[in-house]
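The tour below goes from one selection to the next.

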Amino acid sequence: MRRAIGVPSGDILDAIHSWDAKRQKEAHEKIALIEADALRRMKLMPGLVELCEALDTKSIRRALLTRNVKKSVDYFHEHHFRLDPFHPALGREFKPYKPNPDGILHILDQWNLPPHHCAMVGDSAKDDIVAGNRAGVLTILLDTEGKYDLEHLEGEERPHHYAESLHHVRDILWETFDTAETIPHIAGLREEEAVEE
């Protein structure tokens, strides 16, 4: 995507936002084509249904927060996810997007919950974990591909927990919150964690 859009480094969405209207329109059209192709190849990540069923059984709410468009979120719910939808489900139309914590804070407000009752699960240290840490929620870095070295993650990019699978996420949630008097609510199983290409 970076090559197609012409943003070799940095935040793609921020770079596009700084461009003139014509160039922004062209970039968004290219992104739409790339995302449409990704939708055709979408499949559920192993352990997603089991994790969500376990959360639902314990009446733990779950939301979706992604930098993809809402259309992708709707497609995921309609064509791939057989359980009740994530709610709220926020796409990149909700601004400011991650790593700004406003999406998580909006979810907490909708749920009328304090941050310590919530966890952010995400696969991006620079977006998901930073947003979660800024919002004051428990953060779990989901790294199914082994691309992160925890020793090199510092400051806001350092998660409270590290998981190699959604099964491991479930174990972390149960271990962390079963010893506390709080009930976790998942504010950020992003679409990127819910599916794999």
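A charge counts as sitting over a ring if NZ of Lys or CZ of Arg is within 6 Å of the ring centre and within 35 degrees of the ring normal. This is a predicted model.

Select Trp19 and Arg23. Arginine 23 lies over the face of tryptophan 19, 3.7 Å from the ring centre.

Next, select Phe76, Phe81 and Phe86, which form one aromatic cluster. The model has three aromatic pairs. One of them joins Phe76 and Phe86, tilted, at 6.2 Å centre to centre with 40° between the planes. This pair links distant parts of the chain: Phe76 is in helix H5 (residues 70-79), while Phe86 is in the loop between H5 and strand S3 (89-90), ten residues apart. Phe81 and Phe86 also make a tilted pair, with centres 5.2 Å apart and planes at 35°. Phe81 is buried, at 5% relative accessible area, and Phe86 is buried at 2%. Phe76 is buried as well.

Arginine 62 lies over the face of phenylalanine 86, at 4.8 Å from the ring centre.

Now go to the second largest pocket, with a volume of about 290 Å³. Select Leu13, His17, Arg92, Lys95 and Tyr97, the closest to its centre of the 16 lining residues. Helices H2 (12-17) and H3 (21-41) each give two or more residues to the lining, and H2 has the largest share, four residues. By type, the lining has six nonpolar, three polar and seven charged residues.

Last, select Cys52 and Cys118. Cys52 is buried at 0% relative accessible area, and Cys118 is buried at 0%. The count of disulfides in the model is zero.

Methods:
Residues numbered from 1 in each chain as written. Predicted model: local features only at pLDDT ≥ 70, side-chain atom pairs only at ≥ 80, totals over all residues. Heavy atoms only, no water. 1 Å grid on protein atoms, 1.4 Å probe; cavity = no way out; pocket = protein on both sides within 12 Å on 5 of 7 lines; lining within 4 Å. Points joined across faces, edges and corners; volume = space filled by probe spheres on them. Nonpolar A, V, L, I, M, F, W, Y, C, P; charged D, E, K, R; others polar. Disulfide = S-S within 2.5 Å. Buried < 20%, exposed > 50% of the residue type's maximum accessible area, 1.4 Å probe, protein only. Phe/Tyr/Trp six-rings, centres within 6.5 Å; stacked < 30°, edge-to-face > 60°.
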